[in-house]
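Colleague: I am new to this one. Please take me through the labels and how each is reached.

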Amino acid sequence: MKILLTGANGLLGSAIRTVSLNRGHTCVPLNRDKYDWKKSYVDSVTHNDADVLIHAAADTDVERCEIHPEICYRDNYLLSQHAAMLAASTNKKFVFISSTGVYGCEKSTPYAEYDSVNPTTQHHKSKVLAEHSIQRILPRSLIIRAGWLFGVGENGAKNFIANRIAEAKNSSSGIISANKDQFGNPSYNLDIAERIIELMELDFFGVFNCTNAGAASRFEYVREIVALAKIPVSVVESSSQSFNRIAQVSNNESATDWRSRAMGLASLPDWRHSLERHILSLSAST
Ligand SMILES: NC(=O)c1ccc[n+]([C@@H]2O[C@H](COP(=O)([O-])OP(=O)(O)OC[C@H]3O[C@@H](n4cnc5c(N)ncnc54)[C@H](OP(=O)(O)O)[C@@H]3O)[C@@H](O)[C@H]2O)c1
């Protein structure tokens, strides 16, 4: 298949490029320079014989979205709606990347796709607006709710693991802290990309949670990162209150892959397994 991809240099977009090429597809990146949605972006989508448009571009800075909601809704809602309309008018399948953070704080156990959404931040509200709009425009679109992503992206920006490793290495006290209250699914960008392309190939549509198996608190996640990187520091528990965040992110962003399993697919590997794979690949490349 020929795939057009927005956000192609981001953490997930980079992995989608790698995986789609490995699986024999052609992937055409639509980066920011081709993404003027009033001009060239329109041209590059409509004047292209691609089969699928995967929309992975988003404003992913949850704190900034809270401070500048007008930019957040423009980039996460209007731009996504616009991309879906273009896909519809050019007969392309559409894949949208959302987040398991949309479920909010109604439960303390992992969410399934049949749970209702109650977003608590501007970022996650903008994702829900986009999801609903896209489903109205293209009822057969594929909506991926991704978990906490890790891996390497082309743009090298936000990188939770590299930041924690640097923090641990630079700790003069030999102690670092991590949130014991917030839960999610650490998820390898390459595993998530593999599942997205698989769902696309199968022509599945609708909402799919997409995470590595198993939930963890930030504390458990950071403890595992430090152990796998073999850094001799202690990780101690802190609470959500000590982080002083502007965005009221839910303490439970964890989810299960109920729908994928119900439709006959195997779960993705346990997050610890994929984290180990990733950290080994980092050590091999240094
Ligand atoms: N990272 C996570 O933990 C996580 C969790 C759940 C869901 N998701 C979702 O997964 C998707 C991919 O996230 P990611 O982690 O790969 O994000 P990322 O690394 O921040 O990359 C986002 C990409 O979107 C592009 N972009 C942002 N605003 C744009 C705009 N107005 N016009 C054109 N391009 C724009 C960026 O371009 P530049 O490179 O030019 O800035 C970048 O390539 C997003 O929908 C995100 O909400 C991510």
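Colleague: How many aromatic pairs does the structure hold?

Modeller: The structure holds eight aromatic pairs. Rings of Phe, Tyr and Trp (its six-membered ring) pair if their centres lie within 6.5 Å; planes under 30 degrees apart are stacked, over 60 edge-to-face, and the rest tilted. This is a predicted model, where local features need pLDDT of at least 70, side-chain atom pairs count only at pLDDT 80 or more, and totals for chains, interfaces and linings use all residues. Residues are numbered from 1 along each chain as its sequence is written, and side-chain values use heavy atoms, with hydrogens and water left out.

Colleague: Why is the pair of phenylalanine 150 and tyrosine 221 called tilted?

Modeller: Their ring centres are 6.4 Å apart and the planes stand at 50°, so the pair is tilted. Phenylalanine 150 is in strand β6 and tyrosine 221 in helix α8, 71 residues apart. Helices (H or I, at least four residues) and strands (E, at least two) are DSSP runs, numbered from the N terminus.

Colleague: What makes the pair of tyrosine 221 and tryptophan 271 edge-to-face?

Modeller: The planes are at 85° and the centres 5.9 Å apart, so the pair is edge-to-face. Tryptophan 271 lies in helix α10 and tyrosine 221 in helix α8, so the pair ties together parts 50 residues apart in sequence.

Colleague: Are tyrosine 221 and tryptophan 271 buried or exposed?

Modeller: Both tyrosine 221 and tryptophan 271 are buried. Buried means under 20% relative accessible area, exposed over 50%, and partly exposed in between (1.4 Å probe, protein chains only).

Colleague: Which residues do ring pairs link into a cluster?

Modeller: The cluster consists of Trp148, Phe150, Phe160, Tyr188, Tyr221 and Trp271.
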